[in-house]
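Take a look at the model, then read on.

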Amino acid sequence: MDSTLEVYEVGTAVVLADDIEAKIVQVAIHAGNWIQYECAWWNGGSRVREWFVSGDFVVAKKAPRMKIGFARETEE
C-alpha cells in the first residue's frame with residue numbers, strides 16, 4: 001500500500017497570529033496523517049518554538065508543498 005502526503009518544507013517562512021514572522025523548523029506526522037509544524041521565531045532576545053497545524057499560519061511567500069511518500073509492505 002502506497003500513500004503520499006503534501007507538507008510544507010522545513011525553512012518555509014510563515015506568518016502566525018499577531019503578524020509574528022516565523023520559520024518552520026520541524027514537521028511531525030501523526031497517526032491518521034495528521035501533520036503538525038514546529039515554528040520558531042524571535043521574541044526580543046529569546047527564541048520561541050511552538051507546534052501548529054497549517055490552519056494556524058499563513059505562508060509568507062508562495063511556497064509549494066513537497067510530496068513525501070510511504071511504502072508499507074503487508075503480509076498476504
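In the hairpin of β2 and β3, Asp18 takes a positive phi near 60°. That hairpin has 3 residues between the strands. Helices (H or I, at least four residues) and strands (E, at least two) are DSSP runs, numbered from the N terminus.

## Model and confidence

This is a predicted model, in which local features need pLDDT of at least 70 and side-chain atom pairs count only at pLDDT 80 or more, while totals for chains, interfaces and linings use all residues. Residues are numbered from 1 along each chain as its sequence is written, and side-chain values use heavy atoms, with hydrogens and water left out.

The predictor's confidence in each residue is its pLDDT, from 0 to 100. The protein has a mean pLDDT of 86. Of its residues, 79% reach 70 or more. Confidence is highest in β5, at a mean of 97. Strand β7 (residues 66-71) has the lowest, at 65. Where pLDDT is low, the predicted coordinates should not be read in detail.

## The sheet

In what order do the strands of the open sheet lie? The order is β5-β4-β3-β2-β6, 5 strands with antiparallel pairing. Two strands pair if DSSP finds at least two bridges between them. The edge strands are β5 and β6 (58-59), and each pairs on one side only.

Start with β2. It is joined to β3 (residues 20-30) by 4 bridges, and the two run antiparallel. Val14 stands opposite Ala22 in β3. Val15 has Glu21 of β3 as its bridge partner.

Next comes the pairing of β3 with β4, antiparallel over 7 bridges. Here Ile24 is bridged to Cys39 in β4. The hairpin of these strands has 3 residues between them, and Gly32 takes a positive phi near 80° there.

β4 also pairs with β5, in the antiparallel sense over 7 bridges. Asn43 has Ser46 in β5 as its bridge partner. This hairpin has 2 residues between the strands. Its Gly44 takes a positive phi near 70°.

## The nonpolar core

A nonpolar core is a set of buried Ala, Val, Leu, Ile, Met, Phe, Trp, Tyr and Cys residues joined through side-chain atoms within 4.5 Å. Buried means under 20% relative accessible area, exposed over 50%, partly exposed in between (1.4 Å probe, protein chains only).

The largest core has 14 residues. Val14, Leu16, Ile24, Tyr37, Cys39 and Phe57 have the most contacts inside it. The elements that give two or more residues to this core are β1, β2, β3 and β4. Its largest share, 4 residues, comes from β4.

## Aromatic pairs

The structure holds 4 aromatic pairs. Rings of Phe, Tyr and Trp (its six-membered ring) pair if their centres lie within 6.5 Å; planes under 30 degrees apart count as stacked, over 60 as edge-to-face and the rest as tilted.

One of the pairs is Tyr8 with Tyr37, which is tilted, at 5.9 Å centre to centre and 55° between the planes. It links distant parts of the chain, 29 residues apart. Tyr8 is in the loop between β1 (2-7) and β2 (13-16), and Tyr37 is in strand β4 (residues 34-43). Tyr8 counts as buried because its relative accessible area is 13%. Tyr37 is buried too, at 2%.

Trp41 and Phe52 form another tilted pair, with 6.1 Å centre to centre and 50° between the planes. Trp41 is in β4 and Phe52 in β5 (residues 46-52), 11 residues apart. Trp41 is buried at 10% relative accessible area. Phe52 is buried at 15%.

Tyr8, Tyr37 and Phe57 form one aromatic cluster. Contact means heavy atoms within 4.5 Å. Beyond its neighbours within four places in sequence, Tyr37 is in contact with residues including Val7, Ile24, Trp51 and Phe57.

Thr12 lies in the loop between β1 and β2. Thr12 is buried, at 9% relative accessibility. A polar atom of its side chain lies 2.7 Å from the backbone oxygen of Glu9.

Terms used: A polar contact is a pair of N or O atoms within 3.5 Å; within protein, one must be able to donate a hydrogen and the other to accept it, and residues adjacent in sequence count only if both atoms are side-chain atoms.
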